[in-house]
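Notebook open, structure loaded. I want to go through surface and core, one item at a time.

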Amino acid sequence: MNSSTLTLKDKQVAYRIYLILGALFISSLVASNLIFQKFFYWDFLGIYTFEISVGILPYPITFLITDIISEVFGKRKANQIVTAGIFASFFSLIIVYASAQVPATSWSPINDDIFNQVFGATVIAVFASMMAYLFAQYIDIQIFHFWKRTTKGKHLWLRNNFSTFSSQFIDTLTVLLLLCSAGIINWDRFGILLLNGFLFKVLVAALDTPILYVAVYFLRRRFKLKQGGELDLDV
């Protein structure tokens, strides 16, 4: 089903859904850049203990959303969201930098030292995240659509997981290389953080597959899309 068969009302609904998905994507991305300096551990069923940054928590959401957009709205719309995320992240970086430059008042609950301790590494972190993000998200979309063409729109679970596993490894590796090179994280933590980060993302990607199926099912049903079909929102 394409734009020529969409009623005006359906097209407006489709645009609203696309914008909501885009808003969730951008907010998850920006939040992950701002909170990354806190690390936590998670004992997964007594099998494995993860040591990871809290910044990794919202990040898998971005890959889930781009997979939903890729499946329903197409490759071009997914790439547009990725590009918008880059601009949003750099804009948030400018805001954080400007906030750090103005002096805190004597009665401010958060003084300059605390603010800089929390957000001081944000400039480097956002740069590192953006490099990883730029590689990983575009690669995710490319691999997703490669498998979509190869399987003729079938086996959604395959393209979702194969694309996410590959891109998440690239994302984790690139971020850690840049953060360790900048001295934010010690090199002796590189190996364990790479393993923990990648395994966590793989686990989340596997767990979010049912969510992807449910979202795609309802969107296909709402807009009467055939398997492998995409909505064309371009005028």
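This is a predicted model: local features need pLDDT of at least 70, side-chain atom pairs count only at pLDDT 80 or more; totals for chains, interfaces and linings use all residues.

Numbering runs from 1 along each chain as its sequence is written, and side-chain values use heavy atoms, without hydrogens and water.

Phe91 is exposed at 53% relative accessible area (exposed is over 50%, buried under 20%, by a 1.4 Å probe with protein chains only). With Ile94 and Ile95, Phe91 makes a nonpolar surface patch of about 320 Å².

Next I checked Thr174, in helix α6 (156–181). Buried or exposed? Thr174 is buried, at 16%. I also took its C-alpha to C-alpha distance to Pro109: 36 Å, at 65 residues apart in sequence.

Then the cores (buried Ala, Val, Leu, Ile, Met, Phe, Trp, Tyr and Cys joined through side-chain atoms within 4.5 Å). The largest nonpolar core has 25 residues, and Ile69, Val72, Phe73, Phe223 and Leu231 touch the most other members. Helix α2 gives the largest share, 6 residues.

I listed the contacts of Phe73 (heavy atoms within 4.5 Å): leaving out residues up to four places away in sequence, they include Ala14, Ile17, Tyr18, Leu21 and Leu233. I noted a second, separate core of 8 residues, with Leu176, Ile185, Leu193 and Leu194 among them.

Key. Patches are made of residues with over 30% relative accessible area and no salt bridge: like charges are joined within 9 Å, nonpolar side chains (Val, Leu, Ile, Met, Phe, Trp, Tyr) within 5 Å. Accessible areas come from the Shrake-Rupley method with a 1.4 Å probe; for residues, only the protein chains shown count as cover. A salt bridge is a side-chain nitrogen of Lys or Arg within 4 Å of a carboxyl oxygen of Asp or Glu. Helices (H or I, at least four residues) and strands (E, at least two) are DSSP runs, numbered from the N terminus.
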